[in-house]
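Reader: I would like to learn how to read a pocket and a sheet from a set of coordinates. Could we take the two features in turn?

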Amino acid sequence: MATSLGSNTYNRQNWEDADFPILCQTCLGENPYIRMTKEKYGKECKICARPFTVFRWCPGTLMRFKKTEVCQTCSKMKNVCQTCLLDLEYGLPIQVRDTGLAIKDEVPRSDVNKEYYTQNMEREIANSEGTRPVGQLGKATSSSDMLLKLARTTPYYKRNRPHICSFWVKGECKRGEECPYRHEKPTDPDDPLADQNIKDRYYGINDPVADKLLKRASTMPRLDPPEDKSITTLYIGGLGDTVTDGDLKSHFYQFGEIRTITIVQRQQCAFIQFATRQAAEMAAEKSFNKLIINGRRLTVKWGRSQAARGKEGIKDGVSEMGTRLDPVPGLPGALPPPPALDEEAPANYFNLDPSTSPAVMNITLPPPPGINPPPPGFGPPMFHPMGPMAPPMPPPMSMRPPGQIHYPSQDPQRMGAHAAHGSRHGD
């Protein structure tokens, strides 16, 4: 269907013509002397489908060529890079940033509503100074601690590496070292990071990278305020000998009026009591895991109420400050109690049949091979251990007089004992 000349001219007025792209430091590369190719109305934006000026460049040695993917209007609406679509301030995906700032995405998805929304945002961008984001992002009051912890502070140039050579994976690449692609083993195809969509990243839905970062943020330690609203005291631990009450006051006075500061030198800790609960919550939120005074990293926790401090019994898994401690994984559980031993039952160390006599039993061994057994009646006498003709048993060790220790080698009836004794005297 042909369009009129007026509508075509109006549509061409909305096409974008720029002199330089909006890029992050990672996509721009580490080389300060970079050359770019500029193609006016080279491609259509992957979000709003309007033609825009495409820039193409190489961010560094042994890196792949990169180009802009979305127009500058869509980039300014979300304050993201035109190539990687990551936030320009934190270096994080849009879904993570919107979750941290509690921003709800309101960009329409249909073509007509998207065009109308884009024109209104272009008008707002033209009337603004250009130093602050527009839309819902510009109305955000403050930053989030989660974003400050997850934010990337340095460029990550590994993201600019070439893609993996598909021919090398199949064993058919014949370029060798001249191949511009990487000869590495690809990642698991079932990995969710291997399936990324540029529109999902822009709208902040179903982004696997954002899901991974949000899961990491959920496992980070945090300090929840106690339910008792009367608690306005913070515990500061790890003071050492260099931190004084003046240092603590100069840091915590910015959050509100301080009622008292008590330092316990023996425990190397301090208790700071604020006048209001709001000031204590703000101090705990801004100082938890971030408080460094005089080169020492200090521990910040909530104090306990007088009622909780007066209780003698403390449940298992609760620290002195009233915070619940998670069990350490990998430690063995409690050992079971040993079985009860009957003192009257004799100890059976050799697992003998209890029906047999506890005395030593005579066991006849078979003769060695080559020697005939003695005829009946000429062998060693066999006596019952408890019979009347049995030889007397030696007294037990506890009944023997001191100094008389019986060793088998000292038995005079043992074969060879006299000969050995005579030869010892003959020497």
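**Reading the pocket and the sheet**

Author: In this predicted model, the largest pocket has a volume of about 1600 Å³. Of the 40 residues that line the largest pocket, R159, L193, Q196, R201 and V209 are the closest to its centre.

Reader: Which element gives the largest share of the lining of the largest pocket?

Author: That share, four residues, comes from α9, and at least two residues of the lining are supplied by each of β3, α8 (198-203) and α9 (208-218).

Reader: How many residues of each class does the lining of the largest pocket have?

Author: By class, the lining has 17 nonpolar, 17 charged and six polar residues.

Reader: Turning to the sheet, how do strands pair, and in what order do the three strands stand here?

Author: As a general idea, the strands of a sheet pair through backbone hydrogen bonds, and the pairing is either parallel or antiparallel. Here three strands form an open sheet in the order β1-β2-β3, with antiparallel pairing. Because β1 and β3 (66-67) stand at the edges with a single partner strand each, one side of each is left without a neighbour in the sheet.

Reader: Where can I follow the pairing of β1 with β2, residue by residue?

Author: Strand β1 (residues 36-44) pairs with strand β2 (residues 51-57) over six bridges in the antiparallel sense; M36 stands opposite W57 in β2, while E39 stands opposite V54. The two strands form a hairpin with six residues between them, and in the turn A49 has a positive phi of about 65°.

Notes. Residues are numbered from 1 along each chain as its sequence is written. This is a predicted model: local features need pLDDT of at least 70, side-chain atom pairs count only at pLDDT 80 or more; totals for chains, interfaces and linings use all residues. Side-chain values use heavy atoms; hydrogens and water are left out. Two strands pair if DSSP finds at least two bridges between them. On a 1 Å grid over the protein atoms alone, a cavity is a set of points where a 1.4 Å probe fits but cannot get out, and a pocket is an open set with protein on both sides within 12 Å along at least five of seven lines; lining residues have an atom within 4 Å of a point. Grid points are joined across faces, edges and corners, and a volume is the space filled by probe spheres set on the points. Ala, Val, Leu, Ile, Met, Phe, Trp, Tyr, Cys and Pro count as nonpolar, Asp, Glu, Lys and Arg as charged, and the others, Gly among them, as polar.
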